[in-house]
Structure formats: C-alpha cells, structure tokens
Amino acid sequence: MRRRPATVPLIIGATFLGGVLLTVVAGHVLVSPDSTAMFSAVPNLPPDAAHPLGTQSQGRDMLAVMAAAIPATLFVSLLGGGVAVIIGTILGMTAGYFGGVVDGVIRTAVDVALTIPTLAVLILIGASFPVVSLSAMGFIIALTAWMGPARVVRAQVLTLREREFVRIAKLSGLGGFRIIALELLPNLIPFLSAIFVNAVVTATAATIGLEVLGLGPRQTITLGNTIFEALYYTAMWRGMWWWWAPPVIVLVCLFQGLFFIGKALDSIANPRALGATT
Amino acid sequence: MLRRTIIRILIFCLTVWVAITVNFIIVRATPVDPIAGILGRMASKGQSVQGGAEIVAFYRDTFALDEPWPVQYFMYLRQLLSGNLGYSLAYFPATVGDVLLHAIPWSLGLLLTAVSIAFVVGNLLGALGSWRRAPLVLRGLIYLSMTISAVPFYLLALILLYLFAFMWPILPTGGSFTVGSTRDFSLATAIDFIRHAILPVGSIALGLVGFWALSMRGVMTTVLDEDYLMYGRVKGLRERTLFLHYGVRNAILPQVTALAIDMGQLISGQVLVEAIFNYPGVGTVLFNALRTSDYFVIQGVVLFIIVSVSLAMLVVDLVYPLIDPRITAGEAGR
C-alpha cells in the first residue's frame, strides 16, 4: 500500500545519473573524441568556446577527457559490481539452502573477508601487479564487494527455504541446484537489483580510491586517473579548477544517483524497510 | 558466552593468518623485484651501498630464496612473529617498524577525533529528528547529512580542501604544522596544530554523520514505540526526561556496534584522506611508499592495517555484551 515513496528517490536518482550520461553526450557533440590525445590543444587553457571545460597541462581537452573517462569508469564499476553479485549470490544461496558445514565455511569466509579492509589488499595487489586493463580492474574490484550480497542472499534464502513452494518442489523430486535456480532465484530478483546497485557503489568507491592513489590502469583515461593526474600536477595549487573539479563533480553526481536509486529499490524489494528504519 | 568468545577469537586468528598468507603469496608471485630496485638505487647514489647490502641480506633471510617454498613460508612467519617487518628502502637506516611508529599516533588521533565528533553529532541529530516535535529544519539536516554520507571521504576531502584552503584560504592546505614553525607547549603551537587537523578531521566526520544520524533515527523510532515510554508519559514525566533517559539511553548502545561494522571501510577511507592532506599518518606513509616503490613499507603498512582493524573489531565484539546485557550468548547482530 505504501509503494509510492519509491517514486521520488527513483526520479532524483535518475536525474543525477542522467546528468552524468548527458556529460558524455555533450562531450561527443561539442568536441572531437581525438581531443583526448596529448597536445591536441594548447595546454592549461581555461574554459572557452573551443574547449568548454578547458585543457589540462598535457594539452588534452577536458570535456573530451570526461566523455572518455565516464564510460570507462562505469564499465569497471558495473563489471565489478556484477561479478561481485554473481559470486555473492552463488555463495549465499549455497550457504542458505544447504546449511550445515557448507554454510559454516561460507559464513566464516564472509566474516573474515568483512574484517579485512579491502582497500589495503587491493593496494598490495595493485602495487605488486602493475599494468592492469579495465576488465582486470573490474574483476579485482569484485573482490571487495561480494560479501554484502552473500550475506543478504543467504538471509533471504533461509526464509524462502521454508516456504510451501520449495517444499513441494522438493517433494516432487527436484534436485538442490535445480530448486535454487528455478524456484529461489526468480523470487530473489527484486532483492538482487537492490544488492547490485549497492555492490556497484562499493566497487566504484574502491576503483576510484585505487586510481587516486595511482594504482589504476594508467594508460586508460578514467575518472580516478584524471583526479590522480590533477593532484600529481598540482592542478588545485595552480588554480586549474577545470581540471580537478569535473571528475569530482561527476563522481559526486554518480554516487548521489546510485544512492537514491539504491534506496528506491531497497524499499521496493523490502517493504518493511519503509518508514522510519533504514 | 564462552563459546562465542572462542569462535570470535578463532575468526580473528584466521583473519590474520589469511592476511599474512595472502601477503606471502603476492610477494612470491609479483613481477616487481625489490632487489632490482635496491640495486638500481645503489647504482644511482653510491653512498648507500652498505644499506643496500643489508636490505638484500634481510630479503634473503626472510624469504630463504634458495629453499623450497614451505621453508620460505615458515621463515617468513618467524620473521613476522618476531615483529621484524624489514627495512624502508627510501629512508634506509629506518626499519618499517620505525616508520610506522612515527605515523601511528597521528592516524589514531585523527581517527578517534573524527569518529567521536561524528558519533556525537550524528546520534544527536538522529535522536532529535525522531522526536515528534522535531522542527522541519532538523529533518532537512538529516536528509542532507545522509546524502553527504553517500559520497566517499576522499571526494569530500577534495571539495573541502578547495573550499577552505583555496577559495576562502582560511585553513592550511596540508601537513600537521606550519613548515619551519617551532613546536613547543604554547598556545600558538596548539592553534597551529588544530588548524591543520580541521580539514582532515572534517572530511571524515562529515562523511560519517549521516550514517549515524540515519541509524539512530531508525533505532529511536522503535524505542519510542515501546510500552515503557507510554508508561513514563502516563506517569507525567517531563518530555526531556523521557527523551534522554528512556529514549536515547536505550537507543545508543546498538549504535556502538554499528561503530565496529564499517571499521574496514573507515580505515580505507582515512588512508586516502591523509594522503590528500599530506597528514603525517599511516595513510601518507603508504602513499609515499607507493610513489617511491618502497615495497617493504607498502607490505608492512598493509599488514599493520589489517591486523589492527581486525583487533579493533575483536575488542568491540567482545566488550559489547559486557556493556549491553541484552546481548548475551549466541546470535549477536547476525
């Protein structure tokens, strides 16, 4: 009955994300994608008609950089979040459905992984194995985000397991994995979409964090790498706000968008969470 | 209770062991060669030949490079257990332990100050917001703090840095003291110290407030529905007594556990904030080590962070049932 509160955050979230995507479109319309190349323009120009967001000190057009960086960062985030949800769902379902020793092992693994500050491990990996591609980055980042999904899915499966339709499926002789895939999974889809958004948030924060430390795929233009370079070449000290501010603003919008959409999906998937509680 | 304690301690040991082992595997698998780095350094500046030789010797000792890998693994464990993390390549005579010891007080101070401020402000905001007579402004503030919490600390740090050190240059851009200033027990030193801490503390505290405000409001709303509150009201207690002694007192304890849950996330965030403000804590040590490929320092800091975070979470988990008698044996917060 109180489904409506989801609409408002959904619209706010979509507006933020729309703004991010619009930046990409604007980049492709207003400047040529080739302007991301080094010294394709005069370096250190403040914004003007030819370069709406100015140029940075290697002579790259900032709007073109943003148009290239946003899809790259989104790719890593979505891949990282997606892989994390797949790993988490498989582990959570296995633990929740089979219980016993399997459950104990998976639960302990989740507890241990939740205790370890994942950025620390990522830093060690990043420092030890340089030169990573965007997809490699996505898979590494997934290591930071699978625990949440595993926990939530397990809890859900524990309640679903006792429902009538699962018992009937069991009595009719369906195997464990088929029950998981055919009976449990479809019921989890609203949850999974909310979990996916949260995993994407975790993955994005981790990716950008690593990149800001200079541990990202350095050959590719991403939002985090742009911030790293702006800091490295002291853009803020040189008054070049058009260098560091666009990636920061885009990321703030991205996080806001994901936050509101995650909230909306949460309240759709879990109506009890509506009202006062988070 | 005893069972829970034992399980919790076992999980702690398991975590530390996993961290150490992963560290060992990564070091063995990495294509980065610290020894080559040292030799290059020795060649570039002739004066550190002696230091280089010692580092190489340490490396040989630690990893027993000619032995099979199980032997190497145990040698490595032995070195770690004796507290020996190796030498810093960038500041040679200093060991990784020395470098860490200098940085830890700064990081700990930063963390504790930021968390305390956020805890008080956030819980206050959340509690007041749950009250029926909460003014609209207060609700607005909760929503604002909530949306700010959605942004990682390091982005908040960049925004605050620009606003208060560049746009309105009222605070320093980084470091812990003004360069060249004398440090004594005077008021001027104290003010200088505080001025340098405001932005790093602020970035972390600002990012945390919403988290606590929101969960406090949630907990308070359930507490305020309880029968004993109704009873207190019927008895004619003042609203303030009801609010503080009946409401907040019962809602605040669960908030303490929330403190522990995101410790890992919190520390990860602080590393970046310190690096951005060049604050002399563990995060900045790590950032500089990454820039100079000071491999043993990177490893040492990562191990230190993992062990200290797990330890902190262990302590909170074990102490919590003692403060809140409602949680006893068995399932705590699962």
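**Confidence and the interface**

Where pLDDT is low, the predicted coordinates should not be read in detail. For chain B the average pLDDT is 79, and 82% of the residues score at least 70. The model as a whole scores ipTM 0.83 and pTM 0.84.

This is a predicted model, in which local features need pLDDT of at least 70 and side-chain atom pairs count only at pLDDT 80 or more, whereas totals for chains, interfaces and linings use all residues. Residues are numbered from 1 along each chain as its sequence is written, chains are lettered from A and ligands numbered from 1 in the order in which they are written, and side-chain values use heavy atoms, with hydrogens and water left out.

At the interface, 44 residues of chain A are in contact with 47 residues of chain B. The size of an interface is often given as the accessible area lost when the parts come together. Between chain A and chain B the buried area (accessible area, 1.4 Å probe, that two parts lose on being put together, summed over both) is about 4200 Å², and carbon and sulfur atoms give 79% of this area. The count of salt bridges between chain A and chain B is 0, a salt bridge being a side-chain nitrogen of Lys or Arg within 4 Å of a carboxyl oxygen of Asp or Glu. The rule does find 3 residue pairs in polar contact across the interface, both residues at pLDDT 80 or more. A polar contact is a pair of N or O atoms within 3.5 Å; within protein, one must be able to donate a hydrogen and the other to accept it, and residues adjacent in sequence count only if both atoms are side-chain atoms.

On the side of chain A that touches chain B, the elements giving two or more residues are α3 (100-115), α4 (118-128), α8 (176-212), α9 (223-232) and α10 (241-269) of chain A. Helices are DSSP runs (H or I, at least four residues), numbered from the N terminus. The most comes from α10(A), with 10 residues. By class, this side of chain A has 31 nonpolar, 10 polar and 3 charged residues; Ala, Val, Leu, Ile, Met, Phe, Trp, Tyr, Cys and Pro count as nonpolar, Asp, Glu, Lys and Arg as charged, and the others, Gly among them, as polar.

Conventions
pLDDT = per-residue confidence, 0-100. Contact = heavy atoms within 4.5 Å.
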